[in-house]
Structure formats: C-alpha cells, structure tokens
Amino acid sequence: RVFESRWTALKRIGNFVEAWNFMLSVVRQSALHPSTEISSAALKSLLVVFDVAPDPDDDVKLWRDAWTTWQTIGSQYESSSPSQNYLADVVKSFDLLFKHAAKFDFSADEMDSLVAILRRALSHPIDKDSSLFLASGVAASPSPLQQACLDVVASVYASARGRGGRV
C-alpha cells in the first residue's frame, strides 16, 4: 500500500512519465525473465502498481503505456512451463489495469490481442500442483487462472454494456 499512498506525490515529480516508463520496462524485463522467482516477483509488483485507485486526472498515456507493457508480458513470456499462478497473475494484472484503461477505447486489434493472451494462458499445460487440485474432486469451481479469465471477461463485458458496446 506504500505505492498507492504515495501515488499522488509521485505523479508530481518533474520527470514522472519518464520514471513511469522506466519502471514499466524494468517490470516487463523482469516478468519475462526465465527465473521463476524473478518473473513472479515482477508480476506481484505489477499487481501492486495497477492496484492504485483510478484517478480522473491521470494522463491517459500512462495507462496506454501500461497496457502495452501488459500486452508484451502476456504475449511473450518465455518460460516453457509457467506455473498456473504466474499465468493467473498475468491475467489478474489486466483486470486491475482495465480500471484505468477505461479512459481510452480499445481497438478491435487490442481486443483480439487480449483474447489471444487469455486463450494462450488457458491452453497452457496444467502444472502438477494444479492438476492435483483438479483431480481432487474440487474441480466444480474454476482454478485461480480460470477464475481470473472469467473476471476479465466480466469486466470487459460490463464496460462494453456501460459504454454502448464500446470497450
């Protein structure tokens, strides 16, 4: 919560946009790192950054750049077998980002990119920890990754309904 409590003060820094973009590039590089520990920590950081309260005075470019960073992470993770938790965090971070992205309209290509990223995450082989969860008979409820995808779809749908079909 330190980041959120300092968000307003941070935005007043003279070179905030430059610092924001630098931070996003470091998070992107780290999230795409082959080390599970580094990539997972980067995604946790992204969740914290995206979880700040939406502010109508925020520059649209900040969140457009964040969207581009998220797209890159979601479409380029290199790990041959990312964990279900990693994939769920990728998807959850979009749901948090989407609260801020309401300031700009998503193009059809951007929606296609979102769907491709969700499809890629859902079609990834299930790791052994998650397969134990699914095999335990508790599969009546969705896995954390599946739930995160459902939450994204619900958010996008609600936004489109509230904006006359535009996302």
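This is a predicted model: local features need pLDDT of at least 70, side-chain atom pairs count only at pLDDT 80 or more; totals for chains, interfaces and linings use all residues.
The protein chain contains eight helices and zero strands. Read from the N terminus, its elements follow the order α-α-α-α-α-α-α-α. The protein chain has 167 residues, of which 41% count as buried. Among contacts with a separation of 6 or more, 79% are accounted for by residues 24 or more positions apart.

Helix packing is considered next. The axes of helix H2 (residues 16-31) and H4 come within 10 Å of each other and cross at roughly 10 degrees. Angles under 35 degrees count as roughly parallel, and H2 and H4 are therefore roughly parallel to each other. On the H2 side, the residues that meet H4 are Phe16, Val17, Trp20, Asn21, Leu24, Arg28 and Ala31. Their counterparts in H4 are Lys61, Leu62, Trp63, Asp65, Ala66, Thr69, Thr72 and Ile73. Thr72, one of these residues of H4, is buried, with a relative accessible area of 19%; the cut-off for this class is under 20%. When residues up to four places away in sequence are not counted, Thr72 touches Arg28 and Leu32. Arg28 belongs to the H2 residues that meet H4.

Helix H6 has two contrasting sides. At 1.5 Å a residue, the 16 residues of H6 should span 22 Å, and the end C-alpha atoms are 22 Å apart, which agrees. The buried residues of H6 are Glu110, Met111, Ser113, Leu114, Ile117, Leu118 and Ala121. These residues cover an arc of only 155 degrees around the axis, which puts them on the same side of H6. An α-helix has 3.6 residues a turn, so residues three or four places apart point the same way. On the other side of H6, the exposed residues include Ala108, Asp109, Asp112, Arg119 and Ser123. The cover over the buried residues of H6 includes H4, H5 and H8.

The structure holds six salt bridges. In one of them, the side chains of Asp89 and Lys44 meet at 2.9 Å, N to O. Asp89 lies in helix H5 (residues 84-101) and Lys44 in helix H3 (residues 36-50), so this pair ties together parts that are 45 residues apart in sequence. The two partners fall into separate accessibility classes: Asp89 is buried, with a relative accessible area of 7%, whereas Lys44 is partly exposed, with a relative accessible area of 46%.

A salt bridge also forms between Asp51 and Lys99, whose closest N and O atoms are 3.6 Å apart. This pair links distant parts of the chain, with Asp51 in the loop between H3 and helix H4 (60-76) and Lys99 in helix H5, 48 residues apart. Asp51 counts as partly exposed at 22% relative accessibility. Lys99 is likewise partly exposed, with a relative accessible area of 38%.

Glu110 and Arg64 provide a further salt bridge, their side chains meeting at 2.3 Å, N to O. Glu110 lies in helix H6 (residues 108-123) and Arg64 in helix H4, so the pair ties together parts that are 46 residues apart in sequence. Glu110 is buried, with a relative accessible area of 13%, while Arg64 is partly exposed, with a relative accessible area of 25%.

Helix H8 spans residues 144-162 and includes Pro144. Pro144 is partly exposed, with a relative accessible area of 48%. The C-alpha atoms of Pro144 and Gln84 are separated by 7.8 Å, although these residues are 60 residues apart along the chain. Gln84 is at the boundary of H5, given as residues 84-101.

How values were computed: Residues are numbered from 1 along each chain as its sequence is written. Side-chain values use heavy atoms; hydrogens and water are left out. Helices (H or I, at least four residues) and strands (E, at least two) are DSSP runs, numbered from the N terminus. Buried means under 20% relative accessible area, exposed over 50%, partly exposed in between (1.4 Å probe, protein chains only). A salt bridge is a side-chain nitrogen of Lys or Arg within 4 Å of a carboxyl oxygen of Asp or Glu. Contact means heavy atoms within 4.5 Å. The expected span of a helix is 1.5 Å times one less than its number of residues. The arc is that of the directions from the helix axis to the C-beta atoms. Axes are lines fitted to C-alpha atoms, for helices over the stretch in contact, and angles run from 0 to 180 degrees between N-to-C directions. Angles under 35 degrees count as roughly parallel, over 145 as roughly antiparallel, 65 to 115 as roughly perpendicular and the rest as oblique.
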